[in-house]
Amino acid sequence: MPGIEKLPIEETLEDSPQTRSLLGVFEEDTAAISNYCTQLYQAMHRIYDAQNELSAATHLTSRLLKEYDKQRFPLGGDDEVMSSTLQQFAKVIDELSSCHAVLSTQLADAMMFPITQFKERDLKGMSPSLCADHDTAINRYSRLSKRRDNDKLRAEAVEDVYTSRKKQHQTMMHYFCSLNTLQYKKKTALLEPLLGYMQAQISFFKLGSENLTQQWEEFLGTIGTSVQNVRREMEEEVTQMQQTIQDMETSCDPLYAPCDPDPAHSPVCRSLTRKQGYLYIRNKTGLVSSSWERQYFFTQGGNLMQQGRGEVAGGLVTDLDNSSVMAVDSDDRRFCFQVTSFDGKKVVTLQAESRKDCEEWISTINNISKRIYLSENAEEIAARVNQSALEAVTPSPSFQQRHESMRPVGPPPPSPALSVLSLDALVAPETPIQFDIISPVSEENSGQSKAAAQSGRRSNPFGESGDSTSEDDSILHQLFIVRFLGSMEVKNTESPDIISETMRQILAARAIHNIFRMTESHLLVTCDCLKLIDPQTQVTRLRFPLSTVIQSASHQDNKRLFGFVLQQAGGRAVCYIFESNNDGEKICDSIGLAKQIAFHSEMDLEEQSRLIAASSRPANPPASDGQFLVLSNSQSEESDAGGEEGKKRGESEA
């Protein structure tokens, strides 16, 4: 038998929308099983009724045949042969009637009884008796006034929450156990009636059907063994679930109370970069009035999401990158904190269930706002940053200060031109992001196709040129496995911040729209161009001439992310972002080395080989953060001049 899907009993206390969605799938499966079982029960009941009718009809036939001698037909005389023959038939049919009666009894016991028990006992008891007292109790507890603190009212509210939450938890655990058990019972409930039906039929037709019996005995024996295995596995699973329920009831008892637990046993964790749970959010209902709504909140990347109980997916509340969060005092609520977006235009006020939960939410949002979640060891870095922090204070929402806070201490300060650089000056506003690689069909390819048609040669349908002599003769061929994340148009191509800002926007867009698919390619770096090659068909998807590459850079923290900026026709510039299996800085170094070799194109192959061997890193100095490579025209001229001098020295020595 294949594996049985199960509901996690351990998640009944949290009662998250994901668990509710999974519970809905099991309930839909239960409804489908009930509908199908009802139809199957009706069909089997017709078989049973027909068998009873056949048994009664056979018995009536035998009785009528026995009464033939007592009949007085006006035109019939005494026919001893006919009477004797009918008596023999009556005896045989009477024995056959007894067999049909036995078959009816076997069908009632082996076929109708199991499916009737499953339909009337197991399926009818699957409606949960969920209590709605928990929401009422938690709402009453959350409305406790901070100014008018009454010990008696607070104790009653805590007791109500404890009682209702425990009752709901126990009800849900037993309901989950019943649904999990049903996944086993539905197999036995469908197989056992069929097994009983077939065994009864074989027993009925056993006379003269030994070959048929031998043919079915092995199969029926296998089914019987499988039914016993499923039943034994069900019993083991039921025992395990009952033990889990007992353990959960014991371990979760302190969690039923909403008040703060003992800090010595459950200290506040300030190194979290992800968190989820129920919070109250304040919504303005008027000019000065507001209402509180309980929703399920969770962090996803650099975003704060919320999800209602009946919703399938979560919705974006606010962007947490570079946001600020702090604990606030509310007139009517306790344990409140406030999240402000980086531009200050959106403010969200939330309420946690306890002080510990409130401080953990503040620490988590503070860690996300500092973009610690992008690091490989996010929790270790967050633990060091929040070692002594009690309240979260994020960096300035200024774009330049955000990048300065992420750079290592030591490099010289940026130029005055960059210090006043704004976000709109880097990325074109409302720029669409391309997440898939689309190979453009240029006029050059169409011209090549026409020329190939005139010369009688077949053109390449993928837009590749048949003449690859210059690329094959290139002394530099380095291949990297990369995955395309996205590309978008940029404005300021000389700024070293343009690639990092493009990375941030593309990663944020992927997280918001739940885009996880990436196109894997082989990036070939040569002295002439950069190629994106399909790893399976070896077809070139995109080709970037090396002369159009303006700059390349890797990510500050995640070294596997890198990108480069291309200058296209019409003065447009596009930034491409990739993820690699190697260090992104090595790929940027390879692109810089290809640029240097292209600058020294007049050198012979031996000198170019020495340049490759001696260049473990690009010859030009990196930017202030040590990871950006800007290729300027002045470097090209100096490199060309150096190449000519080297060539003249080589000729004089010869």
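1. A crossing of two helices is left-handed if the near helix is turned anticlockwise from the far one by less than a right angle. The model discussed here is predicted.

2. Start with the pair H1 and H4. Helix H1 covers residues 17-66, and its axis comes within 11 Å of the axis of H4. The two axes cross at roughly 30°. Angles under 35 degrees count as roughly parallel, so H1 is roughly parallel to H4. By class, the residues of this contact are 16 nonpolar, 5 polar and 4 charged.

3. Next comes H3 against H4. Helix H3 spans residues 133-142 and helix H4 spans residues 151-204. Their axes come within 8 Å and cross at roughly 155°. That angle makes H3 roughly antiparallel to H4, because the cut-off is over 145. The crossing of H3 and H4 is left-handed.

4. Which residues in H3 meet H4? They are Asp133, His134, Ala137, Ile138, Arg140 and Tyr141. On the H4 side, the partners are Glu156, Ala157, Val158, Asp160, Val161, Ser164, Arg165 and Gln168. The contact of H3 with H4 holds 6 nonpolar, 3 polar and 5 charged residues.

5. Now the whole protein. It has 16 helices and 15 strands. Of its 654 residues, 42% are buried. The protein exposes about 36,300 Å². Carbon and sulfur atoms supply 52% of that area.

6. A last point concerns sequence separation. Take the contacts between residues at least 6 apart in sequence: 68% of them join residues at least 24 apart.

Notes:
Residues are numbered from 1 along each chain as its sequence is written. This is a predicted model: local features need pLDDT of at least 70, side-chain atom pairs count only at pLDDT 80 or more; totals for chains, interfaces and linings use all residues. Side-chain values use heavy atoms; hydrogens and water are left out. Axes are lines fitted to C-alpha atoms, for helices over the stretch in contact, and angles run from 0 to 180 degrees between N-to-C directions. Helices (H or I, at least four residues) and strands (E, at least two) are DSSP runs, numbered from the N terminus. Angles under 35 degrees count as roughly parallel, over 145 as roughly antiparallel, 65 to 115 as roughly perpendicular and the rest as oblique. Contact means heavy atoms within 4.5 Å. Ala, Val, Leu, Ile, Met, Phe, Trp, Tyr, Cys and Pro count as nonpolar, Asp, Glu, Lys and Arg as charged, and the others, Gly among them, as polar. Buried means under 20% relative accessible area, exposed over 50%, partly exposed in between (1.4 Å probe, protein chains only). Accessible areas come from the Shrake-Rupley method with a 1.4 Å probe; for residues, only the protein chains shown count as cover.
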